[in-house]
Amino acid sequence: MHPRGALAGLPVVLGFLSACGPSAERFVTTNARAHVNMLAETIGSRPAGSDANRRAREYLIDQLRIAGMDVRVQEADAQRDDVGVTGRVSNIVAVRQGSIDDAIALVAHYDSVPDGPGAGDDAFGAAIVVEAARVLGATGMRHSLMVLITDSEENGLLGAAAAMTDATIRHRVAAYLNVEA
């Protein structure tokens, strides 16, 4: 990622991006709640590599495509030598092209611990970035919008480690906001 760093908060990002063009819609809390309910209640616990994790990924991909984003899945073998952890991850990378390639990224993760539904950690964050993508994707933007929803955060930030090996992510992201419990 560019050394320009991360933005301080969601209001800053939303204000910055929405200033790039008039927004036809606003953030709808009911939509975000529906995403949290789908991830945490209907699907439930979503540990990396599980069938529930796959269903959550498919749901999020569908929602991002509905929001008009170009979506791909970064399948990667990730490693964190500093903590001795490795694993296979499936990161969701969605982009809405702006007039320039530099992207503002909204980041969250979709996996959860095995023993809980992961509503706060991090269905909440995934719901926020998906709903923000719906709103911001409806506007013309100067900067591109990237939504990065990582996998295997609960296993030592493996999804984030894998994301940093992806040249497109590293070179396009000018600033990011990580929405986490």
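This is a predicted model: local features need pLDDT of at least 70, side-chain atom pairs count only at pLDDT 80 or more; totals for chains, interfaces and linings use all residues.
1. The side chain of Arg-80 meets that of Asp-82 in a salt bridge, at 2.7 Å from N to O, and Asp-82, by contrast, is exposed, with a relative accessible area of 60%.

2. A further salt bridge joins the side chains of Asp-77 and Arg-88, at 3.2 Å from N to O. Because Asp-77 lies in strand S1 (residues 70–80) and Arg-88 in strand S2 (residues 85–96), this pair ties together parts that are eleven residues apart in sequence. Asp-77 counts as exposed, at 62% relative accessibility.

3. Within helix H3 (residues 51–66), Arg-54 and Asp-51 are three residues apart and are therefore separated by about one helical turn, and their side chains meet in a salt bridge of 2.5 Å, N to O. Arg-54 is partly exposed, with a relative accessible area of 31%, as is Asp-51, with 42%. Both residues belong to a network of salt bridges that also links Arg-55 and Glu-58, and the count for the model comes to eight salt bridges.

4. The largest pocket has a volume of about 260 Å³, and of the 17 residues that line this pocket, Val-107, Thr-150, Ala-160, Tyr-176 and Asn-178 are the closest to its centre. Strands S3 (103–109), S4 (144–150) and S5 (173–178) and helix H5 (158–163) each give two or more residues to the lining, with H5 providing the largest share, four residues. By class, the lining divides into ten nonpolar, four polar and three charged residues.

Definitions and conventions:
Residues are numbered from 1 along each chain as its sequence is written. Side-chain values use heavy atoms; hydrogens and water are left out. On a 1 Å grid over the protein atoms alone, a cavity is a set of points where a 1.4 Å probe fits but cannot get out, and a pocket is an open set with protein on both sides within 12 Å along at least five of seven lines; lining residues have an atom within 4 Å of a point. Grid points are joined across faces, edges and corners, and a volume is the space filled by probe spheres set on the points. Ala, Val, Leu, Ile, Met, Phe, Trp, Tyr, Cys and Pro count as nonpolar, Asp, Glu, Lys and Arg as charged, and the others, Gly among them, as polar. A salt bridge is a side-chain nitrogen of Lys or Arg within 4 Å of a carboxyl oxygen of Asp or Glu. Buried means under 20% relative accessible area, exposed over 50%, partly exposed in between (1.4 Å probe, protein chains only).
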